[in-house]
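Let's take a walk through this structure together, one stop at a time. Have the sequence and the 3D view ready.

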Amino acid sequence: MTSLTTAQQETLIESSSKFSGVRLTDRIFYWLTVILAIGIGLVLIWITYSLLSIAIPAIASFGLGFLASSTWNPVQDVYGAFPQIYGTILSSFIALLFAIPLGVGVAIFLSENFLPRKILTPIAFTVELLAAIPSVVYGMWGIFIFIPAILPLLKWVNNAFGWVPIFSTSPSTRQLFAASLVLAIMILPTIIAISRDTMISIPPQLRQGAYGLGATRWETITKVLVPAGLSGIIGSIMLALGRALGETMALAMLVGNSNRINISWFAPASTISALIANQFGEASGLQKSALFYEALVLMLLTLAVNVLAEFIVGRFQQVE
Amino acid sequence: MTTNPSTQPNARSSMLPESDVVIQTENVSIYYGSFQAVRNVFLDIPKNRVVAFIGPSGCGKSTLLRCYNRLNDLIPGARVEGKITYQGVDLYDPKVDPVEVRRRVGMVFQKANPFPKSIYENIAFGARVNGYKGDMDELVERSLRGSALWDEVKDKLKQSGLSLSGGQQQRLCIARAIAIEPEVILMDEPCSALDPISTLRVEDLIHELKQQFTIIIVTHNMQQASRVADYTAFFNAEAGDGGSRFGYLVEYDRTENIFNSPKQQSTQDYVSGRFG
């Protein structure tokens, strides 16, 4: 049996002078990260607490009926959030309706070798630049260029399909549907970038296995690659939904801020964040409290989306 | 032909005492861009036999294998010169549909690659994309029996293919390949990630499968080649003009001849473990 000399043994003992400096930085780094991590949790608790404490008068006055009431009357101090909740959810839903097929399609296109790399890289970069455009710019573009451009098309839809309730009003220049389309463009980069990363990270063996069995490219993509990347794709959609629900500036500019529920998508509407952006400046008293109540609802809504996303992603990963 | 003397034996080595040839490889060179990976290979694959490709890494044996089902098409810049015929049809004829080729020439990969689907669906997938209209349950059972996996998985067909052990996964991939009823099965080092017991099971399986299929197997394991193959092709790599290495066929013969009385010195050196 061999044993270490005394000198060798000493180097193994932790107080050895050579390592004490390294150990100190290790320790400082450890505590620094602990403090920062706890700090972030504290900020979240702080925000929730302040929202809640200011919203309490409104919660006490209106209770859960707030969520179902359509009145927003600062003169009589009666408030309800239903039109905003409706507008928030519907605008996000319409945006996803367009952004999911388009975004997932582009992600697949950019992850397969349909195009030579020289063309692919600039396109992928351009897509990511879409995410860098400030939302107020999207809003201006929507007001001055996009909505005037698509208005004739919407008018045609209204003429031809006016009997369908959702197309039943003459398209307004500020309206839910057009605003949702701009929203769709805004959330596209999120879906594309994350879905594409997922598709690229699928092991090449799966692709070869499918081709090796005589699958066509279409069959390989739809039956093997997309199912294999589904958790990532769903994750990207949920992140995009989170962004759509909370998006403020562009919607405040485009959605029309009408405090009414109209079954037609071509009519003006409102969203929670647009309402808050429009009213926080002159709000006080119970109105301010009601705005905080709305903010709380929005927070819970996005929280629910995130929890749902974790749940769904977890489920699909189990299947894999 | 090139001036390199070591490529000369190729022309003769395509001659086999077999009449029923499935795949003919005539003076095939394979390029990745401007890089020549495989040079001037002549090689015939006889029907219902097991042919092993052996040789050191980088000698182009996997590259050649992947030409037989046109899987190299997936690699940008890959190009084949010369002629590969499958039952008399030029595989690289522009009119030939690579998807159709892969339905007749199946493949098992080095790393078991079951789809992230159930065991049942792993097998049904290939059959479905090939338009199989028969009894799917029956096909799944027959394929799993064919790959000697049925008894181990018959009670958990709905579980994920990824829940199986490495050896089971590889046999699932073999079941998946035979489910589409190909005529040829290409195996690219199918046992390199398996333990010795799983390896023996796959080898037993190869012996059974050759009643029905023609099998080409790439292997680094020379005992494996001598155990499973009727014919063995030895490939080697050599530095070319620009210093880049290309692979070529050294010798192709009955397996016992390759291992006991090879005609080329480099084959002798390789099979006796003196290099490689």
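Start in chain B, at helix α5 (residues 136-146), where B:E141 and B:R145 sit four residues apart, about one turn of the helix. Helices here are DSSP runs of H or I with at least four residues, strands are E runs of at least two, and both are numbered from the N terminus. The two residues form a salt bridge, with their closest N and O atoms 2.8 Å apart. That term stands for a side-chain nitrogen of Lys or Arg within 4 Å of a carboxyl oxygen of Asp or Glu. B:E141 is partly exposed at 27% relative accessible area, and B:R145 is partly exposed at 48%. Those labels work like this: buried is under 20% relative accessible area, exposed is over 50%, and partly exposed is in between (1.4 Å probe, protein chains only).

Before going further, a word on what you're looking at. This is a predicted model, so local features need pLDDT of at least 70 and side-chain atom pairs count only at pLDDT 80 or more, while totals for chains, interfaces and linings use all residues. Residues are numbered from 1 along each chain as its sequence is written, chains are lettered from A and ligands numbered from 1 in the order in which they are written, and side-chain values use heavy atoms, with hydrogens and water left out.

Back to the salt bridges: how many does the structure hold over all chains? The total is 18. One of them pairs B:R201 with B:E152, at 3.5 Å between the closest N and O atoms. B:R201 belongs to helix α8 (residues 196-209) of chain B and B:E152 to helix α6 (residues 150-153) of chain B, so this pair ties together parts that are 49 residues apart in sequence. B:R201 is partly exposed at 40% relative accessibility, and B:E152 is partly exposed too, at 28%. Over in chain A, salt bridges that share partners link A:E112, A:R207 and A:R217 into one network. Another pair in chain B is B:E81 with B:R79, whose closest N and O atoms are 3.2 Å apart. B:E81 counts as partly exposed at 35%, as does B:R79 at 38%.

Now look at where the two chains meet. The size of an interface is often given as the accessible area lost when the parts come together. Chain B and chain A bury about 1800 Å² between them, and 67% of that is on carbon and sulfur atoms. Buried area is the accessible area (1.4 Å probe) that two parts lose on being put together, summed over both. On the chain B side, B:L74, B:P116 and B:F125 lose the most area to chain A, together 27% of what that side buries. The contact (heavy atoms within 4.5 Å) takes 27 residues from chain B and 19 residues from chain A.

What about charged and polar links across this interface? There is one salt bridge between chain B and chain A: the side chains of A:E219 and B:R103 meet at 3.9 Å, N to O. Five residue pairs across the interface are in polar contact, both residues being at pLDDT 80 or more. A polar contact is a pair of N or O atoms within 3.5 Å; within protein, one must be able to donate a hydrogen and the other to accept it, and residues adjacent in sequence count only if both atoms are side-chain atoms.

You'll find B:R103 in helix α3 of chain B, and B:R103 is buried, with a relative accessible area of 17%. Its side chain also reaches the backbone oxygen of A:G214, at 2.9 Å. Leaving aside neighbours within four places in sequence, the contacts of B:R103 include A:L213, A:T216, B:V129 and B:I180.

For a last stop, turn to A:A99 in helix α3 (residues 82-111) of chain A. Is A:A99 buried or exposed? A:A99 counts as buried, at 0% relative accessibility. Beyond its neighbours within four places in sequence, A:A99 is in contact with A:V104, A:A184, A:I187, A:L188 and A:I191.
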